[in-house]
Amino acid sequence: MNLNAHRTMQLYGALLLLPAALLLSTFAYLPTITTVINSLFLPGFRGEPAAFVGLDNYRVLLDDPTFWKVARNNLLYALGTIPTSIALALGMALFVNGKLPGRGLVRMAYFTPTILPMIAAANIWMFFYAPQIGLFNKLLGALGVSGVNWLGDPSVALGSVIVMSVWKEAGFFMIFYLAALQAIPPELKEAADLEGTRRWSFFWRVTFPLLMPTTLFVLINALINAVRVVDHLFILTKGGPNNATNLLLYYVYENAFSFFDRTMAATITVVILLVLAVVATLKFTILDRRTHYQ
Amino acid sequence: MNTPATYAPRSRFYYSLPALETVAAWMLAVIWIFPLLYAFWAAFHPSEFMVNFELFAPLTLDNFKNAWAQAPFARYYLNTFALVTGVVVAQFVVCTLAAFAFARFPIPGKNLLFMLVLIQLFVFPEVLIVENYRIASDLGLINTITGIGLPYVASAFGIFLLRQTFKTIPRELEDAARIEGCNWLEILWKVYVPLAKPTYLAYGLVSISHHWNNFLWPLVVTNSVESRPLTVGLGVFSAPETGVNWATVSAATLLSIAPLLVAFLLFQRQFVQSFLRAGIR
């Protein structure tokens, strides 16, 4: 290929990339950069220019007990949803990978919550959690137990939100485990049977290690979702009571669109971006090196 | 990319589950589907039967009529439909072009550029709501369907998937087309796109369900009935403080999930395969 043709190819390539590059710059790179910049400035009053304040906004944020509460909630939310939904997903996959009467129905039951919008799922769970007319309290009442304020009691509310998220998420992770289970050569099972290996030890010594790449993949996705999905809070709790269920991204939303404090919103967004950067590093270092796909 | 394992291969040896596990599997399935069944129960019965399970409770469609009358669901449907169609078509075009460039063109710094694209797998438009809202408003996109969809059009995920697929297509096919006198765009259109059909299907289904269900960014960028999609309409309609009757809320909920739910039940295998294909990366 001569030099001129090579140049032409480069030009074509650049032109093909142009629409994506423009859009990504506008809605991903530029806003990321301006978010970081905004977190370093305080807006001026009455048309004065914004003043550079260095890391002051971060100091304010670190002194804000609500921020710590919200960050802690988000951590608890991640710890509450991720291991549970991964364990359930694996259990579901093992169930429907076996010989089971009505396997198709069971699989469908597990997977269906995945395709609902979070808002719809939250609406449905609202029927369970509502204090007076909710199904849970009606059932407890029928048993003669006094009801629980599932979403109004600060010590219970986050747990209620977690349960709903697990319900929504587990079936999605199941399909990845199911695909991985079906890729395990049946010879392994046959050999283990010949050796008289018990099912339990076969699972821990063969199946589970072979599923490790899937577990890591699912873990990354679950981590991202724990930061990014806050839709259900709009219906269930609005972050309350007294911020007991507030999560970082919802707190950003509140700061930006309820308190009109764009600076604080930008500063918290940077914290979220840092968390996502850690997750991305995890993915690109550990996951991509150890998995069979790519 | 290895082809993902099939979801439910036809000829395969399945080991039998012990009886106890069969029972557990079924119990879990019943628990898992119960909330949805309950929503159906609540939507099709008068509200006094919300927590009163009588087998022969009278069925009614009044809840749906009320929901339809109390909020402009027809408009919401139209908006969601326009949004989803627009986003998917635009994503196909933009991502195909970029993926083609990454797969086949000698662009200086290509690997670095590709890494930059992959950042968007983690930094989604909804994480940057504050700045994206400002940008959308500078571009005059507030309260438009374009404003809801545009930030998602250059999808790193789509570019990634299509690039992977394009890379597996043998160069010989491309050379043959060139000898036939095809130019670059014709090669893309006649060789690459047809061979990537399964990827388009998988990505399309994942994208449709994502945008049908998306909430936070559409909520922020819209403020009237004219542009709100179903999720936002439903969120506004069913916010607890509006005091709407619950049976009506569950009817509204079912209304807004019905098309996707029906599509899923009809094309279960394709949906699950798509999620798998799109997820295994």
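These legends walk you through several views of a predicted model with chains A and B.

**View 1. Chain A as a whole.**
Start with chain A, which has 13 helices and two strands. Its C-alpha atoms fill a box of roughly 80 × 80 × 30 Å along the principal axes. How does the radius of gyration of chain A compare with that of a compact globule of 294 residues? Such a globule would come out near 19 Å, but chain A has 24 Å. Of the 294 residues in chain A, 41% are buried. Take the contacts in chain A between residues at least 6 apart in sequence: 67% of them join residues at least 24 apart.

An unreviewed UniProt entry places the feature "transmembrane region" at residues 75-96, 108-130, 156-181, 202-224 and 264-286 of chain A.

**View 2. Chain B as a whole.**
What kinds of secondary structure make up chain B? You will find 14 helices and zero strands. Chain B has 281 residues, and 46% of them count as buried. Among contacts in chain B between residues at least 6 apart in sequence, 76% link residues at least 24 apart.

**View 3. Where the chains meet.**
Here 82 residues of chain B are in contact with 75 residues of chain A. Several helices of chain B each supply at least two residues to the side that touches chain A, among them α1 (19-44), α3 (73-104) and α13 (246-266). Which helix gives the most to this side of chain B? That is α1(B), with 13 residues. Sorted by class, the side of chain B that touches chain A has 62 nonpolar, 16 polar and four charged residues.

**View 4. Inside the largest nonpolar core.**
This core has 167 residues, and Ala89(A), Met174(A) and Ala98(B) have the most contacts inside it. Helix α7 (residues 154-183) of chain A provides the largest share of the core, 16 residues. Zoom in on Ala98(B), and leave aside its neighbours within four places in sequence: Ala98(B) is in contact with Leu16(A), Leu17(A) and Ala20(A) from chain A, and with Ile159(B) from chain B.

Conventions: Residues are numbered from 1 along each chain as its sequence is written. Chains are lettered from A and ligands numbered from 1 in the order in which they are written. This is a predicted model: local features need pLDDT of at least 70, side-chain atom pairs count only at pLDDT 80 or more; totals for chains, interfaces and linings use all residues. Two residues are in contact if their C-beta atoms, placed from the backbone, lie within 7 Å. Helices (H or I, at least four residues) and strands (E, at least two) are DSSP runs, numbered from the N terminus. Ala, Val, Leu, Ile, Met, Phe, Trp, Tyr, Cys and Pro count as nonpolar, Asp, Glu, Lys and Arg as charged, and the others, Gly among them, as polar. UniProt positions are given in the numbering used here, feature names are shortened, and annotations may be inferred rather than shown by experiment. A nonpolar core is a set of buried Ala, Val, Leu, Ile, Met, Phe, Trp, Tyr and Cys residues joined through C-beta atoms within 7 Å. A residue is buried if 20 or more other C-beta atoms lie within 10 Å of its own, exposed if 12 or fewer, and partly exposed in between; C-beta atoms are placed from the backbone. The radius of gyration is taken over C-alpha atoms; the globule rule is 2.2 Å times the number of residues to the power 0.38.
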